Amino acid sequence: MEQLELLLFQFLMPDNDARKNAEEQIKHLARDPELVPALLHQIRNARSANVRQLAAVLLRKKIVGLWMKLNPQLHASLKNLLLESITLDNSLAVRRASADVVSALAKQDVPAGNWPELLPFLFQCSQSSQEDHREVALVLFSSLTETIGEILRPHFATLHVIFLNGLRDQSAKVRVAALKAGGTLVGYIESEDEVRMMRELVAPILDVSRYCLETGSEDVAVLAFEIFDELIESPVSLLGQSIPVIVHFALEVALNSKWEQSTRYQALQTISWLAKYKPKTLVKHKLVPAIISSMCQILSEEDVELDEYSVSADRAAAEVLDTMALHLTNKHVFPHVFSFSLSNFQRSEYTIREAAVMSLGIIAEGCYEIMRSNLTDILNLVLQAFEDQEKAVRGAAGFTIGQFAEHLQPEIVLHYERVLPCIFKVLTDPNAEVQEKAYYALAAFCEHLGSEILPFLPVLMERLVATLQCSRRDLQETCMSAICSTAAAAQSAFIPYAPGVLELMKGFLVLTADEDLPARARATELVGIIGTAVGRQYIEPVLPSFIEAAISGFSLDYTELREYSHGFFSSVAEILEGDLEQYLPRLVPLAYATCDLDDGTTVDFEVENEDGEFGDVSSDDGNDNNQNLRNVSIRTGVLDEKAAATQALGAFALHSKGAFMPYLEATLKILRKHSMYFHEDVRLQAFIALQHMLTATQATFPNTDVSRSLQLIAAVGVVMELYLMCLKSDSDKDTVSQVCTCLAEIYRHQDAKAMEPFFLLTSEEVLKLLRQEATCQRTDDTDDEDDGQLDTDQALMDAVADVLPAMATCMGPSFEPIFSQHFEALMKFSKESRAANDRTMVIGCVAEIARAIGSQIIPYIPRVMPVALQELRSAEAANRRNAAYCVGQLCKNGGVKAEEFYGSALAALHPLFSEGEEDVVRDNAAGAVARMITTQSQAFPLSQVLPVLVRALPVKADLEEATAVYTCLSNLILASQPEILPLVPQVLPIFAKVAASTDELPEEAKVLIGRAVAHLLSHYRDEMQPLLSNIPADQANALAAIVRKI
């Protein structure tokens, strides 16, 4: 130990040999408890501050392990030496390193009651007249709060005073130390008094942060934003009335271009956090307009070159806009952004024009509902940008149209004749970045097209194939993505282009250079998409060679290639179906291997080896709760690969059915693990795959198989356990939404016996979701908006509302007691103040439940029918359609209670039969009237109603209504109802069209049509002959064929 100072000095030398020699000798000493007093001696007496600091760092790493091996009589004196170092050393670095030692030792000794002097000593230091003492006290209190926070909880009020005084201290060093310590109290706040105390710190924190900015200490100033982020994210509402002050300060910093990009980013991150966790509070304090205006201003700045790990202010501002659009109601975001766009898209500064266009794309996902309703005006602005002289503006137009294509469906597709030519123009733009965004827009747009793409297909494919043969890999990749979307939209019309594209893909699928593998990955995906588009008979001859190429790609160890290959195998499963069996022994292990990959969430620990090695000895390595935890990192590429492999396993089961059964048990184990995976993308695919496992199991065992019930019950048990666990505890709304969709499918296709154990459990979780009390819906932002309207996640609630009718279908009338528990929670979404989507969700849900539970719906008719009648007048076609269907189901199943509403129902339905109405709405109105007639024809003015009904036929868009309509007319004819007979000349051609139609019509309806026509021929043959002679021959023959079957 005598040479310890020299060894420490050598350890710090730049000479590697000297350092290595010193390290080896210090390792030798590491097991000796006497190292503790020896290092303490160096901390107090070494001449070099660097040596004293290093001694403290090494002691922090060893003191816990060696402390109990020391003579207990030495403990008190050694602790005193430590505390002396904290207060007496003239080096701040040494004092802080010594404070770390105290914190490490305190974690062990304070809870055990072995260091009662520590806290009084620190409280005394915090009151010292020497600024160094006050500073180090704050540093140590901060550290102790992280290690022994629960011990300090009774002293919360005292700590609050110390931190508050520190933030107001006359010494800048003390104020900065208090700022760094300020956030450590957040995790220990429980009472209202403590909330009030924490709020008192906000103003002085802002003052210190502003001082640090003014004195050039931006790295310290941003600590204020980190503290605010913690306060915002806390489950306790900590900020209260401080939020406006914080927002104004954050905007002040974010808007000032003289600050570092990282500083501005932290300010913007705080605003983004507020938008995510406190959206209603922002609305309440009228902060939204100022935030949006500021974000648009920042978005208008010129691009700044940064390294790949930094985020520029304009990109951060875009993230804030996106977050606001997603978490605030449309009316609070879209008008301000659109106003900015309209006012600025013709400005002379190109960056402002770029922001005017791009801002609309940024908010498209969150503001989809209101933007779909204003799409014509919005497109008038965006499409002009494709003609702009500046490449940045043209690129913004491509980005924005791509976002519209992703999020403003289906309305955006209706504008394809305007949009596609604009995209085509910039596919050959002289700027490569503009081209790439144009191909992105094209791919996103074409993905949702169907036959609309056909007129553009020749010129489009000519251009895409030409681009495929250019020399730029990045453009080739984007082009392949566009061809994927084109093939998916064109389907069989793509057949003429498939051979040429597939031939080109062969060249990509043999690439092995690292820089070429992204293109090979895209090509692999494209082959699968083309195969599913053109069909098995066209792809099967060349498919084996592509499968072999994809399998061989796994040897190249490139995660993106493996990801796209799994997607390709999913397409192969869809193409080959049961014949996939020959490939399963090779494909399933590849998917399993990916599922078992190290996902990159790595935890490195500092551990001593047998030689007592210290590991890293930097003096600023932190003092976390887990002293050994060093690093956590995520490789998102592997996550995407795992999601694709999980999806592939589901596709294998879905399409190969019984051939997949040998892999079922092992796959279920993987899916169980992935259903609890930390990343939602993998969880979501696992839940979809679980449904496919159940589908495969159900299809494999025929009804005559005695083991079928046991196999199904076991599979249902596994799947339902994991689904219910997700509803109960998953925090991701998209994942919960998908599970609800899967649950609905399972309930529709399983019998009540298999599902009975899960009725009540499902009911409980669905009720939480309807009440917006589920884990994925929790928020502490309880401030009401100015109009009292609550935000809902439309996709989630639509999926939740699908579960109830599915359960009703499974349970039949016995579902009514469960429905009664959910009724009030469901009906709150039908209020006039709710969005149109919410209201139609309720009406559609109740209609399907009424269909399933029959007369058990009667007690609910007085509440539901007025809402449905009101929605018949809605400006939204979807609402009118669902309302018409609901009225029909309520009348069909409502008995005498429903008859009270017949008059008002007919009056409200009548406008839906106008020629200007959409076909799908008119079909549902016809179905409603037909059900009313079938149920209570004697209560109807048939002579007035039937002519209107017949003029609306045949059913065109919603063929599910055809059975009700044609059954009604057939029964009236079979009963020789006087009011129908004058309409036979109109009805007979309708029946003939239906008979000749290729549309699927239930056999029951066709039989009734045949019986009705046979009845007419039997009783009115002379009158029928001229009518039949006027019907086209093919239709007359089809009608005759139906009649002959009777």
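Modeller: Start with contact, which means heavy atoms within 4.5 Å. Of the contacts in the chain with a separation of 6 or more, 74% join residues 24 or more positions apart.

Biologist: What kind of model is this, and which pLDDT limits apply?

Modeller: It is a predicted model, where local features need pLDDT of at least 70, side-chain atom pairs count only at pLDDT 80 or more, and totals for chains, interfaces and linings use all residues. Residues are numbered from 1 along each chain as its sequence is written, and side-chain values use heavy atoms, with hydrogens and water left out.

Biologist: How many helices and strands are in the chain?

Modeller: The chain has 56 helices and 2 strands. Both are DSSP runs numbered from the N terminus: helices are H or I with at least four residues, strands are E with at least two. The C-alpha trace spans about 125 × 75 × 65 Å along its principal axes.

Biologist: Why is Glu-641 called buried?

Modeller: Buried means under 20% relative accessible area, exposed means over 50%, and partly exposed is in between (1.4 Å probe, protein chains only). Glu-641 has 0% relative accessibility, so it counts as buried. It is in helix α36, residues 636-656. Beyond residues up to four places away in sequence, Glu-641 touches Thr-559, Arg-562, Glu-563, His-566, Thr-594 and Leu-597. Thr-559 is 82 residues from Glu-641 in sequence, yet their C-alpha atoms are 6.4 Å apart.

Biologist: What makes Gln-936 buried?

Modeller: Its relative accessible area is 14%, so Gln-936 is buried. Gln-936 is in helix α50, residues 919-936. Leaving aside neighbours within four places, Gln-936 is in contact with Glu-899 and Tyr-902.

Biologist: And why is Ile-713 called partly exposed?

Modeller: Ile-713 has 44% relative accessibility, so it counts as partly exposed. Its helix is α39, residues 708-729. Over the chain's 1046 residues, 56% count as buried.

Biologist: How do you know that a space is a cavity, and not a pocket?

Modeller: On a 1 Å grid over the protein atoms alone, a cavity is a set of points where a 1.4 Å probe fits but cannot get out. A pocket is an open set with protein on both sides within 12 Å along at least five of seven lines. Lining residues have an atom within 4 Å of a point. By this rule there are 2 cavities of 30 Å³ or more.

Biologist: What lines the largest cavity?

Modeller: The lining is Thr-145, Gly-149, Leu-152, Arg-153, Phe-156, Leu-159, Leu-185 and Tyr-188. The space is about 40 Å³, where volume is the space filled by probe spheres set on points joined across faces, edges and corners. Helices α9 (149-152) and α10 (156-167) each supply at least two lining residues.

Biologist: What makes a lining residue nonpolar, polar or charged?

Modeller: Ala, Val, Leu, Ile, Met, Phe, Trp, Tyr, Cys and Pro are nonpolar, Asp, Glu, Lys and Arg are charged, and the others, Gly among them, are polar. The largest cavity's lining therefore divides into 5 nonpolar, 2 polar and 1 charged.

Biologist: Which residues lie closest to the centre of the second largest pocket?

Modeller: That pocket holds about 710 Å³. Of its 27 lining residues, Asp-303, Asp-314, Glu-354, Met-358 and Lys-437 are closest to the centre. Helix α22 gives the most to the lining, with 6 residues. By class, the lining has 11 nonpolar, 4 polar and 12 charged residues.
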